[in-house]
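The following note sets out points for a colleague who is examining this model. Please read each one beside the coordinates.

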Amino acid sequence: MSKLTITSFDDFAKYEGEELGVSDYHIITQEQIQKFADATLDHQWIHLDQERAKTESPFGNTIAHGYLTVSLLPYLWSQIISIENLKMQVNYGMEELRFNQPVLVDGAVRLRAKLLSLKNLRGIAKAQIEVVMEIKDNKKPAFNGVVTFLYHFND
């Protein structure tokens with residue numbers, strides 16, 4: 001599926017109820033996990049200590065922070081869709097977020113997105129997007145949920 005380009009509310013509304021696309025895979029490295037730990041001050045050993053994780057963790061290796069996988073949403077979302085002709089875009093909320101499966105270090109993840117609803121709030125497009133973070137070669141996703149974006153299109 002190719003990247004969508006959206007330039008107006010009406011253009012976006014055509015996709016309501018449809019899958020918008022799937023991003024490329026992104027590999028989460030130990031270096032990325034370390035940088036995220038440093039940025040968020042979350043230095044739990046299950047993320048950082050590979051030797052200990054191999055012997056003590058039920059996962060057999062370090063795992064990405066759940067919020068690291070969520071923080072990849074904007075990057076992976078931009079591979080699925082390009083929203084143009086905007087004054088501004090705002091992250092509005094996240095609902096029903098469920099972490100289903102840890103992502104092991106060097107695991108590959110991708111985003112699958114579906115437009116659940118699009119509402120016109122006095123000229124602001126409120127888009128609710130169902131998101132699923134898939135893990136390569138794993139039946140269970142890392143997480144699923146609904147994100148809401150507000151798009152302020154130019155007139």
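**Aromatic cluster, core and strand pairing**

1. Ring pairs join Phe-12, Trp-77, Phe-149, Tyr-151 and Phe-153 into a cluster. Rings of Phe, Tyr and Trp (its six-membered ring) pair if their centres lie within 6.5 Å; planes under 30 degrees apart count as stacked, over 60 as edge-to-face and the rest as tilted. The model is predicted: local features need pLDDT of at least 70, side-chain atom pairs count only at pLDDT 80 or more, and totals for chains, interfaces and linings use all residues. Residues are numbered from 1 along each chain as its sequence is written, and side-chain values use heavy atoms, with hydrogens and water left out.

2. Helices (H or I, at least four residues) and strands (E, at least two) are DSSP runs, numbered from the N terminus. Tyr-67 counts as exposed because its relative accessibility is 57%, while Phe-99, at 42%, counts as partly exposed. Here buried means under 20% relative accessible area, exposed over 50%, and partly exposed in between (1.4 Å probe, protein chains only).

3. Two charged side chains sit over rings. The charged end of Arg-52 is placed over the ring of Trp-45, 4.1 Å from its centre, and that of Lys-136 over the ring of Tyr-25, 5.3 Å from its centre. The criterion is NZ of Lys or CZ of Arg within 6 Å of the ring centre and within 35 degrees of the ring normal.

4. Helix α6 (residues 73–80) has Leu-73, Leu-76, Trp-77 and Ile-80 buried. Seen down the axis of α6, its buried residues fall within an arc of 105 degrees, so they line one face of the helix; the arc is that of the directions from the helix axis to the C-beta atoms. Apart from residues up to four places away in sequence, Trp-77 touches Leu-20, Leu-111, Ala-113, Ile-129, Phe-149 and Tyr-151, contact being heavy atoms within 4.5 Å.

5. The largest nonpolar core has 36 residues, and Trp-77 is among those with the most contacts inside it, as are Phe-12 and Tyr-151. Such a core is a set of buried Ala, Val, Leu, Ile, Met, Phe, Trp, Tyr and Cys residues joined through side-chain atoms within 4.5 Å. Elements that give two or more residues to this core include α5, α6, β6 (107–121) and β7 (124–135). The largest share, six residues, comes from β7.

6. Strand β6 pairs antiparallel with β2 (residues 19–22) over three bridges, Val-22 having Arg-112 as its bridge partner. Three bridges also join β6 to β3 (residues 26–28), again antiparallel, and Ile-28 stands opposite Gly-107. Pairing requires that DSSP find at least two bridges between two strands. Between β6 and β7, which run antiparallel, there are 12 bridges; these strands form a hairpin with two residues between them, and Arg-122 in the turn has a positive phi of about 50 degrees.

7. Which residues does Ser-82 contact, leaving aside its neighbours within four places in sequence? They are Lys-3, Leu-4, Thr-5 and Ile-6. Ser-82 belongs to strand β4 and is buried, with a relative accessible area of 18%.
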